[in-house]
Amino acid sequence: MARDQGILIGLDKNTGELKTIDRVVSGKACNCVCPECRSQLVARKGRQKAHHYAHASLPDNLRNCQETALHLSAKIIAAHVVQFLSLPGRSFGVKSTSKIITPSGDRSCRYRTVTIEAEEPERLSGRVEPLVPEISPYRPDARVDTTSGSFYVEIRVTHPVPPEKQQAMDRANIPVVELDFSKVSRAGLTIEEMEVLVASAAPRSWLSFGCDELSIPAVSKLNAEVEAEDSRLHQLMMEQLRVDLRPALAEQVRIKSLHLKLGDHAIPVSGFLSLSNIQFKSGFTLADLPGVPNALVVSVDESWLVNRLFAWHQSEKGRPLTVISLSALGSHLATVYSSETDFLKRLLCHMHKNDLNIPAPILRAEVINRKFPMELETPITKEFLFNMGDRVYASSSISGYAAHALVKYRFYDVAIGFEDGNRRAVVSEDIAKQLSHKRPNGGIRETLIHNIQMGQPCLVRFVPSIDEKLKGDLFDWLVVYRGEIFLNVPDLGRERVYCNRGDFWKKGGLLIYPDPMRRGDFHLEASRDFLGKL
Ligand SMILES: [Zn+2]
């Protein structure tokens, strides 16, 4: 049979106060009931055994009564009795704000810890908690204020703290220390032994660190340390990069394909670029690209090395850097990373000189920077492109998407790429506006030039129709050359077309004039000289 020992606390029948055995008189005069089963207790304060309460008549579940009593006495002693309370050390995890870039290009999320040493602060005051609103509906057993700050106490007698309660503590961000009495023998305990257990002997651990006057400065200090460590590691990484680069380059490398990277957007383009003036300087390999002196050159197969360098660099604002990554020496493939948009533009300008070849006279353009894609009504002519100079990028190898990106990121006002085998121009909204203003003003000459350049046929009839081969619609034979209109007749070559009868009489050739009967149609009249050639 279980011995009715180890109960060190009773509930005063009159006041409802919890009383430890040392605070009551011996026998039934203690006037207490069991806090668990509420039956009469007798204080046993003899000389042989440890002072304790015993039930006047043995309860059905003595074990429950003992557990409850142990729990209650421990928290009352913690809150009201002990002078010093031993606290375990605390280890705080601090997330590194690392500058180290992982192979995937992410910043690494390393954890470091800081430990606040175990200590034994003086208990200043304490209370047994009826309810703590911050972590309601869960209730720690006591709150203790010490010379090291305030915290909560959990007394574990049987079960560990359930996960919901643990989560509630974590959310409330309060420090909670657990005193573990689960291994403590319930029988034969004295009040003095109990005090020692509570103060220091019972195993203890932090259930939740919380934020308090101790932890905050410790975590700040750790943050500073982590920062310093990261900076040191970054330096090491850069040193390693220099070592990796050094033997990597031959005297000169031709790059066939470039992959320009701007932020998250890659713009693949191709062209021939020479690296020149390759030099090893301060441990770095540097080379000149057209328009870009001293670009950093790397030659590793793994682009992550560059990626992380680039990513790191991007994070350091205001220090533009260009990195050329050769995928392998001799493969003539390179990736150029740069945070300097001007450089990318210069590079593309250089490249398009090798690549600007637009045989088709007219391109229909797509306007970007609008909510919905739209086709530009006015097609873009070769002449227009010529006049745009460096503001146009044309390539036989970039995709429509890349052309789009070039305009979108304001490298160019007009970019021409390929899509499904067709040439496609993309223009900015500003250019779209300018083009839409280039409508003919109503004069014969302007209207015709516009129609010819924009490929908008109109009916042009030869009058008088004396030759079979000049019958019918002549529009397709009209061309614009240096701003003037010509009839490009097979076998005869270019013949000047005038819009003014005075010029026609003086200079001969051909005269074009509006058909008086049909609006939008034209008549082509030949001079005697021209007719003579037919
Ligand atoms: Zn009981």
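Modeller: Cys32 in strand 3 is the bridge partner of Asp12. This is a predicted model, in which local features need pLDDT of at least 70 and side-chain atom pairs count only at pLDDT 80 or more, while totals for chains, interfaces and linings use all residues. Residues are numbered from 1 along each chain as its sequence is written. Helices (H or I, at least four residues) and strands (E, at least two) are DSSP runs numbered from the N terminus.

Strand 1 covers residues 9–12, and strand 3 covers residues 32–33. The two pair in the antiparallel sense over two bridges; pairing requires at least two bridges found by DSSP. Strand 1 also pairs with strand 2 (residues 18–20), again in the antiparallel sense, over three bridges. Ile9 stands opposite Thr20 in that pairing. Five residues lie between strand 1 and strand 2, which form a hairpin, and Gly16 in its turn has a positive phi of about 75°.

Leu11 belongs to strand 1. Is Leu11 buried or exposed? Leu11 has 20 other C-beta atoms within 10 Å and is therefore buried; the cut-offs are 20 or more for buried, 12 or fewer for exposed and anything in between for partly exposed, with C-beta atoms placed from the backbone. Apart from neighbours within four places in sequence, Leu11 is in contact (C-beta atoms within 7 Å) with Gly16, Leu18, Cys32, Val33 and Pro35. The list includes Gly16, the residue of the hairpin turn with the positive phi, and Cys32, the bridge partner of Asp12. Ala69 is 58 residues from Leu11 along the chain, and the C-alpha atoms of the two are separated by 9.9 Å.

Asn31 has a positive phi of about 65° although it is not a glycine. Asn31 lies in the loop between strand 2 and strand 3, and is partly exposed, with 18 other C-beta atoms within 10 Å. Arg38 also has a positive phi of about 65° without being a glycine. Arg38 lies in the loop between strand 3 and strand 4, and is exposed, with 12 other C-beta atoms within 10 Å. Most residues other than glycine have a negative phi.

A nonpolar core is a set of buried Ala, Val, Leu, Ile, Met, Phe, Trp, Tyr and Cys residues joined through C-beta atoms within 7 Å. This core has 43 residues, and those with the most contacts inside it are Ala74, Ala78, Val153, Leu179 and Val198. Helix 1 gives the most, with 10 residues.

How do helix 1 and helix 3 pack? Helix 1 (residues 62–81) and helix 3 (residues 191–201) meet at an angle of about 70°, with their axes 9 Å apart. Axes here are lines fitted to C-alpha atoms, for helices over the stretch in contact, and angles run from 0 to 180 degrees between N-to-C directions. Helix 1 is therefore roughly perpendicular to helix 3, the class for 65 to 115 degrees (under 35 is roughly parallel, over 145 roughly antiparallel, the rest oblique). On the side of helix 1, the contact consists of Ser73, Ala74, Ile77, Ala78 and Val81; on the side of helix 3, of Met194, Glu195 and Val198. By class, these residues are six nonpolar, one polar and one charged. Nonpolar here means Ala, Val, Leu, Ile, Met, Phe, Trp, Tyr, Cys and Pro, charged means Asp, Glu, Lys and Arg, and the others, Gly among them, are polar.

For the chain as a whole, the secondary structure comes to 12 helices and 32 strands. Buried residues make up 32% of its 534 residues. Of the contacts with a separation of 6 or more, 55% are between residues 24 or more positions apart.

Notes: Two residues are in contact if their C-beta atoms, placed from the backbone, lie within 7 Å.
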